[in-house]
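Q: Some labels in a structure description rest on cut-offs. Please go through them one at a time, setting each value against its definition.

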Amino acid sequence: MPKWLKDAVFYEIYPQSFYDTNGDGIGDFNGIIKKLDYIRGLGCNALWINPCYDSPFKDAGYDVRDYKKAAPRYGTNQDLYRLFGEAHKRGIHVLLDLVPGHTSEEHPWFLESGKAEKNEFSNRYVWTNHCFQPMPGFPYVGGECERSGTYLLNFFKCQPALNYGFLECKEDWQLPMDHPDCVATREAMKDVMRFWLDHGCDGFRVDMAMSLVKNDDRKKSGTCAIWRNVREMLDAEYPEAAIVAEWGSPQLSLKAGFHMDFCLNAPGNGYNTLMRDYGVVENPRREDNTFFRKDAHGDITRFLNEYVADYESTKEDGYYCLITCNHDTVRPKYNMTDDELRLAYAFIFTMPGVPFLYYGDEIGMRYLQVPTKEGGYFRTGARTPMQWTKGKNAGFSTGEADALYLPVDPAPDAPCVESQEAEADSLLHTVRALLSLRHAEEDLQADADFEVVYAESGKLPFVYRRGDILIALNPSAETVTAPVDAAGKNEIFSIGKGEATGGEITLEAQSCLVLK
């Protein structure tokens, strides 16, 4: 396990929307470099940068055309290497986004694979043997290449699936995992990883990490075997490099060699009940039972019933990580006030694992209803430009408004860094205080013990222990009390008002109390 993860707090950057330094309306590597001091001052000491490789951008860069070339709209490879170096000078580690399950249909590997004559890349992707041969149970495309065959997709039409083999071969066109051409795909992806690690990258967030081997079993034993092989390479050659899975199943991912996995949002799952329990934005339910909303009457046990089992069974294997949001998830400000967000963040930043803060969540950026862009669809509204100032284009770009990657929030009260820097009680300052507390207290960091102290269905507060520290949360509009003995402990952080006396903890409305 890389030692630096113990006290890591990640900041996720969607590069095209973060900061534009050349006025073309698209964020760039130099923009990230210019904001590194802001990120470090926020309390984040690690970055996850969404895909920044050469791409036709039909899926916002998750359709990679060249794994070893930076997308020109962000800058050059040299600019990205400089970003690694400038981040390291400030004690910031940098993860790139690895997309191992598929490429763009414009990738040279795929163009070669689609040729009629057999070549080195013919089996780099999954093909049938004939132009009219279907792929039962799989999404596929035919009629696009001179090769007689149909090819499997991993997601959108623009993303043909790389061939890591089939755990169970049911058709004559399906190759086993140990076929030399399937092994070559795995080794090619390891080569990509080595390339960026050798140039200063500190690891990878892995997109759709569970999607490699096809006809895999419920335990994903084939895909897990590949990731264990990758972990062996990292341990031997890059022991301080980290990998985090987009998987949402730590009992599989962490035991397969990933250092971290995310709690991912899905309607009705445990993580979803914390901040987004309203259905989906295209058709929200009338009732919102989000736990951290003041008047929603949420229930923390719906989260804990999933989380605790995952945590207990994997805490020796790696970190199960909480996020404020990501590029695929509706921003929490969609249905929550700043006061509600303060308590949600107090929870996320004091829980086990390595927390991830999505750019702009620290100021409560809104989710905007905007047209789809680069395959974003509903997700596009969480990918709008970072709001730095009250000036032109919210300080994101000097370009003209119609040239921006996406529009900025046009509301007169749109939150921005400049305004919140000047407000002592702003959400931005709350985030800074919480991250400062986490860095100062070892018991609040990734691997300190976690125990639920008081959590009753339909009741508040929620109280939990990290090492010797007690955290009590009351997101409701009422004063609440729990029978928790906090004798000998003193307040080290609070939101709102609370006290611990006589074997009880009492919290006023929308309060958090941290005791040591």
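A: Axes here are lines fitted to C-alpha atoms, for helices over the stretch in contact, and angles run from 0 to 180 degrees between N-to-C directions. Helices (H or I, at least four residues) and strands (E, at least two) are DSSP runs numbered from the N terminus. The model is predicted, so local features need pLDDT of at least 70 and side-chain atom pairs pLDDT 80 or more, while totals for chains, interfaces and linings use all residues. Residues are numbered from 1 along each chain as its sequence is written, and side-chain values use heavy atoms, without hydrogens and water.

Q: Why is H10 called roughly parallel to H12?
A: The axes of H10 and H12 (residues 427-440) cross at roughly 15 degrees and come within 10 Å. Angles under 35 degrees count as roughly parallel, over 145 as roughly antiparallel, 65 to 115 as roughly perpendicular and the rest as oblique. H10 is therefore roughly parallel to H12.

Q: Which residues make the contact of H10 with H12, and how do they divide by class?
A: Contact means heavy atoms within 4.5 Å. H10 contributes Asp338, Leu341, Arg342, Tyr345, Ala346 and Ile348, and H12 contributes Leu427, Thr430, Val431, Leu434 and Arg438. Ala, Val, Leu, Ile, Met, Phe, Trp, Tyr, Cys and Pro count as nonpolar, Asp, Glu, Lys and Arg as charged, and the others, Gly among them, as polar. On that scheme the residues are seven nonpolar, one polar and three charged.

Q: What makes H10 mostly covered?
A: Buried means under 20% relative accessible area, exposed over 50%, and partly exposed in between (1.4 Å probe, protein chains only). Nine of the 11 residues of H10 are buried, including Glu340, Arg342 and Phe347.

Q: Which residues does Met260 touch beyond its neighbours within four places in sequence?
A: Among the contacts of Met260 are Leu5, Phe10, Leu95, Tyr319, Cys321 and Phe356.

Q: Why does Ala60 count as buried, and why does Asn215 count as partly exposed?
A: Ala60 has 2% relative accessibility, so Ala60 is buried. Asn215 has 21%, so Asn215 counts as partly exposed. Ala60 has a positive phi of about 55 degrees although it is not a glycine, and Asn215 has one of about 50 degrees. Ala60 lies in the loop between S3 and S4, Asn215 in the loop between S8 and H6.

Q: Is Asp178 buried or exposed?
A: Asp178 has 61% relative accessibility and therefore counts as exposed. Asp178 is in the loop between S7 and H5.

Q: What is the value of omega for the peptide bond from Leu460 to Pro461?
A: Omega is near 5 degrees, and the bond is cis. Pro461 is in the loop between S15 and S16.
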